[in-house]
Amino acid sequence: MDSSFHMEDTLQRGPRPARTFLRLLRYLRPYRGWIALSGALLLMLSLMANAVPVLVMRAIDEYVSPVTSAPRDPAEALGGLFRVSAAIAGLIFAQALFRYVQVVLIAVAGNRAMHAMRSELFGHLQSLSTRFLDRNPAGRLLARVTNDIDKVQQTIVEGFVAGVSDLVTLVVVLGVMLWINWQLALIMLIPLPAVAMVGIMFHLRAQRAFLEIRRKAAAMLAWLQENISGHRVVRLFQAMARHEAEFIRRNRAHRDEWIGQVRNFAIYFPSVEFLGVLAIALILFYTGWNPAKPGSTYLPGAGTVGTVFAFVFLAENFYAPVRTLADRYNLILEALASSERIFNLLDTPPEIRDVADPLYASNIRGEIEFRGVWFTYDETAPEQDDDPRWVLKNIHLRIAAGERIAFVGPTGSGKTTLIQLVNRLYVPQRGEILIDGQPIERYETRSLRRAIGMALQEPMLFSTSIADNIRFGDPDMPMDRVMAAARRVHAHPFITRMEGGYDRSCGERGGALSTGQRQQVALARAIARNPRILLLDEATANIDSETEAALQEGILEIMRDRTTIVVAHRLSTIRHVDRIAVIHHGMIRELGTHQELLALGGRYATLYQLQFEEPVT
């Protein structure tokens, strides 16, 4: 069940580095050749970078301050210096070329790997149940697909590869120093234990800080998305000042966590910088405590003046990666935390899955039967049958193929829930739903939903054209069918009066159309594919009386020869259905025709009398 996933980011468990890292590598596997070549280039770059101090050492010892006392021809010395300088320039040019190739290779591999991850994540979100999407804020889901994957991509391109480069550099620098003078190499390593201790302390503080930063950022994004979506309500109730204050509070909490992390960096980097300079000072002290004889270029502790110069360069080359490794580590830490959240989402199993050998609903007749259906929106089903969390309780109802039936009752009684169970947007905790005598789970979900048309009280349109919204889910639908569907719901006149007609954009969430127009377009979309089952949830609630009166004839035509379930509060819209089911507190209390229920004098008769203010006869 998808209830195992909780979008609240907590600090109870940090990322599992080994498992998460190995799983990330699966996305890079198709590009392992590129990554291997990038690794080889990193090794070459490190070797070339550390060849420069060796060349400088040679230039000093042979041409600037020669170790031997034999006189040297100035022209020969100048030529030697020119050759060494040319070699250094060639190394720098080669480094630039290799660095360009290496950066392009790893950037392309990282971006393609994250493209695959983002596509997989979006596809998985599409498969998760409506119950899951109801329970998890859209802002946090958006953060998974955008911010978290961007963080992983940044780490692959910058953090991980640069970290590998730093480690390779450390090994190469240490090898070069041991090759030149092992005594000075050991002197240079004296501050290293202190560097390791500072790094461990930084790691412990940074891990918690980064997890908390990501949690607060995701919570702030979710709150911001909700505030923007509900901006009309915020303005109508003059809650702008209060919401601004709440955003400032959340933003301040996020800022304070970042400042705390900056303090960690502010302590770590100067500490490592000091220890790196201390290594150079120790080298200079060691080579100078027992000075050479006057006029000699040989230093007892170092070997030559060139060696000392080389070690000053190499010490900088060694401790510079040590300083940046913490930054790389933090990038990797952030990426592991983001990856953990992404993989938790990917590991959430879909609640609704097709069986191994499904039936296809393309030729269903449309008979629907509810057998002892119980349903709750909670993650776990209540144990007691009288628990108020049950939305539907022991529903038994058979709807014949082609029958028109209406669900009426007070708000919250379970009417909309019933029709959403027919469409498999939710799964009941008890009982079963059958279509044409077969359990609904036996049908392939895609074909089942194509056989069912549904129009909701709050229609959702996309920011494409009106025509594309009507043909939504069937992009190859010809224009004549689109227009025919619009005519049947009396949407064609207002569409043709608009600038652009059927090509006019509906705007975000259909905002370019009025609420009634959105309902008409949604109703056209519901019938455009000629479904065998039609579910109408207050589909004309926001349409004016004149348009609704003209629409009723079209709706009756639409209902003909197809199974139709209508959810309605206005009883005037359901007089022509075959049967009416009165639902109260999740149970069917009355069932019959309009006249039968009026004669019964029960709940339906009371509702009818309240709406029309006339005595029941």
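How many of the eight residues of helix α11 are buried?

## Helix α11

Seven of them are, and helix α11 (residues 415-422) is mostly covered. Buried means under 20% relative accessible area, exposed means over 50%, and partly exposed lies in between (1.4 Å probe, protein chains only). Lys415, Thr417, Leu418, Ile419, Gln420, Leu421 and Val422 are the buried residues of α11. Just after α11 comes Arg424, with a positive phi of about 60°.

## About the model

This is a predicted model: local features need pLDDT of at least 70, side-chain atom pairs count only at pLDDT 80 or more, and totals for chains, interfaces and linings use all residues. Residues are numbered from 1 along each chain as its sequence is written, and side-chain values use heavy atoms, with hydrogens and water left out. Helices (H or I, at least four residues) and strands (E, at least two) are DSSP runs, numbered from the N terminus.

## The sheet

Six strands form an open sheet with mixed pairing, in the order β8-β9-β10-β5-β11-β12. Its edge strands are β8 (452-455) and β12 (587-592), and each pairs on one side only. Neighbouring strands are turned by 15° against each other on average, direction ignored. Two strands pair if DSSP finds at least two bridges between them.

Strand β5 (residues 404-408) pairs with strand β11 (residues 579-584) in the parallel sense, over four bridges. Here Ile405 has Arg579 of β11 as its bridge partner. β11 and β12 pair in the antiparallel sense over five bridges. His584 stands opposite Met587 in β12. The hairpin of β11 and β12 has two residues between the strands, and His585 in this hairpin takes a positive phi near 55°.

## Helices across the sheet

α11 lies across β5, β8, β9 (533-537), β10 (563-567) and β11. It runs at about 150° to β10. α16 lies across β8 and β9, at about 175° to β8. Axes are lines fitted to C-alpha atoms, for helices over the stretch in contact, and angles run from 0 to 180 degrees between N-to-C directions.

Helix α16 (residues 515-527) includes Gln517. The side chain of Gln517 reaches the backbone nitrogen of Ser514 at 3.0 Å. Gln517 also touches Phe494 and Met498, not counting residues up to four places away in sequence. Contact means heavy atoms within 4.5 Å.

## Helix α14

Which residues of helix α14 (residues 479-488) are buried? They are Val482, Ala485 and Ala486. They lie on the same side of α14, because they cover an arc of only 100° around the axis. The arc is that of the directions from the helix axis to the C-beta atoms. These buried residues pack against α13 (466-470), α15 (492-497) and α16. His490 follows α14 and has a positive phi, near 60°.

## Nonpolar cores

A nonpolar core is a set of buried Ala, Val, Leu, Ile, Met, Phe, Trp, Tyr and Cys residues joined through side-chain atoms within 4.5 Å. The largest has 42 residues. Those with the most contacts inside it are Ile466, Ile470, Tyr502, Leu536, Ile574, Ile580 and Tyr604. α16 gives the most to this core, with five residues. Apart from it lies another core, of 32 residues, including Leu392, Ile399, Ile433 and Ile583.

Ile574 is in contact with Ala406, Val408, Val566, Ala568, Ile580 and Tyr604, leaving aside its neighbours within four places in sequence.

Technical notes: Polar contact = N/O pair within 3.5 Å; in protein donor to acceptor, adjacent residues only side chain to side chain.
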